[in-house]
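Please keep the sequence and the model at hand while reading.

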Amino acid sequence: MSHTTATARTGQTADRASLLRSSLSTRATAVEAAIDRLLPPVPGAEGRVIDAMRYATLGGGKRLRGYLTAEVASLFDVDDARSYRVAASVEMLHAYSLVHDDLPAMDDDDLRRGQPSTHRKFDEATAILAGDALQTMAFEILADEATHPDATIRIRLVAALAAASGAAGMVGGQMIDMEGEGRSLSLPEVERLHALKTGCLIRYAAEAGAILGQADLTVRARIAAYGRDLGAAFQIADDVLDATASAEELGKTAGKDQAAGKSTYVALLGVDGAAREARRVAEQAEAHLDIFGPEADRLRDLIRYVVDRRS
């Protein structure tokens, strides 16, 4: 490869990274605004739980799941107002899981996104109620006609989120994670744990955009497979970060997996081996997008971002 060609490719990579950063920022701002509109402060005694819900959802985070929903929806020319409602919904569901995950009975973490966890900012009972309310509100948003005039589409969104977040999805993965503390899990067991705990909601976030766009089942399946593999790459990279990054970089307590005696990709494969596995799964995720042209480039670039990030 000539020096000129190598320089040109480096420039193209830098340009695409810049476009992705801009896209992530723009959509994160829009998702934040949607959550703010859907979850306004209220007076009265119940206002405290609303304040806790707003604290848990606003003012930070990568908005990866919301970004996925909006970006996939854009492939099918979905109206922004609808896609950002669904993006806000999945971010609320995700926030509920984090609020509960940080509780002393679960992962017992005092730090989230560089700030005190919700139960530390408020109290445990308020944090539990805030998580409960965020979960139910996620479904309330999906069921509203403002999300889509076709009730069939709304039902598909509700059913898919319920499957992704319940005992056969995220909650089931959290149970496996807790049961696995202090004992060695095999690689297939770790893969299943994270496919449920992390992967199901990321897969749903991508698939929700295709549901909104009324994509045919073949296309929807490809988008879901992309989301599944993106979620796997994200989790493997997360394990590498937990082992190598500082608390300042992560915005949460570093090294907690090892301290808790959890089986991770790093524990099983080593840092370098886990990094290689993340890249392998990332390539697999990208292959699912080969039915799309340049309009899916941001989704392709997102895979690299997920693997290479430092927070």
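How are H6 and H7 oriented to each other: roughly parallel or roughly antiparallel? They are roughly antiparallel, because their packing angle is about 160 degrees and angles over 145 degrees fall in that class. The model is predicted, and the points below are grouped by topic.

**Helices H6 and H7**

- Helix H6 spans residues 124-143 and helix H7 spans residues 151-165.
- The axes of H6 and H7 are 8 Å apart, and the crossing is right-handed.
- On the H6 side, the contact is made by Ala138, Phe139, Leu142 and Ala143. Their counterparts in H7 are Arg154, Leu157, Val158, Leu161, Ala162 and Ser165.
- Sorted by class, the residues in the contact of H6 with H7 are 8 nonpolar, 1 polar and 1 charged.

**Helices H4 and H6**

- Helix H6 also packs with H4: the two axes come within 8 Å and cross at roughly 160 degrees.
- H4 and H6 are therefore roughly antiparallel to each other, and their crossing is left-handed.
- H4 contributes Arg85, Val86, Ser89, Met92, Leu93, Ala95, Tyr96, Val99 and His100. Residues of H6 that meet this set include Ala127, Ile128, Gly131, Asp132, Leu134 and Gln135.
- Met137, Ala138, Phe139, Ile141 and Leu142 are also among the H6 residues in the contact with H4. Of these, Ala138, Phe139 and Leu142 are listed in the contact with H7 too.
- The contact of H4 with H6 has 14 nonpolar, 4 polar and 2 charged residues by class.

**Aromatic pairs**

- The structure holds 2 aromatic pairs.
- Tyr55 and Phe122 form an edge-to-face pair, because their ring planes stand at 75 degrees, over the 60 degrees that this class needs. The ring centres are 5.8 Å apart.
- Tyr55 sits in helix H2 (residues 47-57) and Phe122 in the loop between H5 and H6, so that this pair links distant parts of the chain, 67 residues apart.
- Tyr55 is partly exposed at a relative accessible area of 25%, whereas Phe122 is buried at 18%.
- Phe76 and Phe292 also form an edge-to-face pair, with 6.4 Å from centre to centre and 80 degrees between the planes.
- Phe76 is in the loop between helix H3 (64-75) and helix H4 (80-101), and Phe292 is in the loop between helix H13 (265-287) and helix H14 (297-308), so the pair ties together parts 216 residues apart in sequence.
- Phe76 is partly exposed, with a relative accessible area of 22%, while Phe292 counts as buried at 13%.

**Thr118**

- Thr118 lies in helix H5, which covers residues 118-121.
- Thr118 counts as buried because its relative accessibility is 6%, and the cut-off for buried is under 20%.
- Leaving aside residues up to four places away in sequence, Thr118 touches Ala52, Tyr55, Ala56, Val99, Asp123 and Ala127. Among them, Tyr55 belongs to the aromatic pair with Phe122, and Val99 and Ala127 take part in the contact of H4 with H6.

**Ala243**

- Ala243 is placed in helix H10 (residues 217-244).
- With a relative accessibility of 46%, Ala243 counts as partly exposed.
- The C-alpha atoms of Ala243 and Thr264 are 9.8 Å apart in space, and the two residues are 21 residues apart in sequence.

Terms used
Residues are numbered from 1 along each chain as its sequence is written. This is a predicted model: local features need pLDDT of at least 70, side-chain atom pairs count only at pLDDT 80 or more; totals for chains, interfaces and linings use all residues. Side-chain values use heavy atoms; hydrogens and water are left out. Helices (H or I, at least four residues) and strands (E, at least two) are DSSP runs, numbered from the N terminus. Buried means under 20% relative accessible area, exposed over 50%, partly exposed in between (1.4 Å probe, protein chains only). Contact means heavy atoms within 4.5 Å. Axes are lines fitted to C-alpha atoms, for helices over the stretch in contact, and angles run from 0 to 180 degrees between N-to-C directions. Angles under 35 degrees count as roughly parallel, over 145 as roughly antiparallel, 65 to 115 as roughly perpendicular and the rest as oblique. A crossing is left-handed if the near helix is turned anticlockwise from the far one by less than a right angle, and right-handed if clockwise. Ala, Val, Leu, Ile, Met, Phe, Trp, Tyr, Cys and Pro count as nonpolar, Asp, Glu, Lys and Arg as charged, and the others, Gly among them, as polar. Rings of Phe, Tyr and Trp (its six-membered ring) pair if their centres lie within 6.5 Å; planes under 30 degrees apart count as stacked, over 60 as edge-to-face and the rest as tilted.
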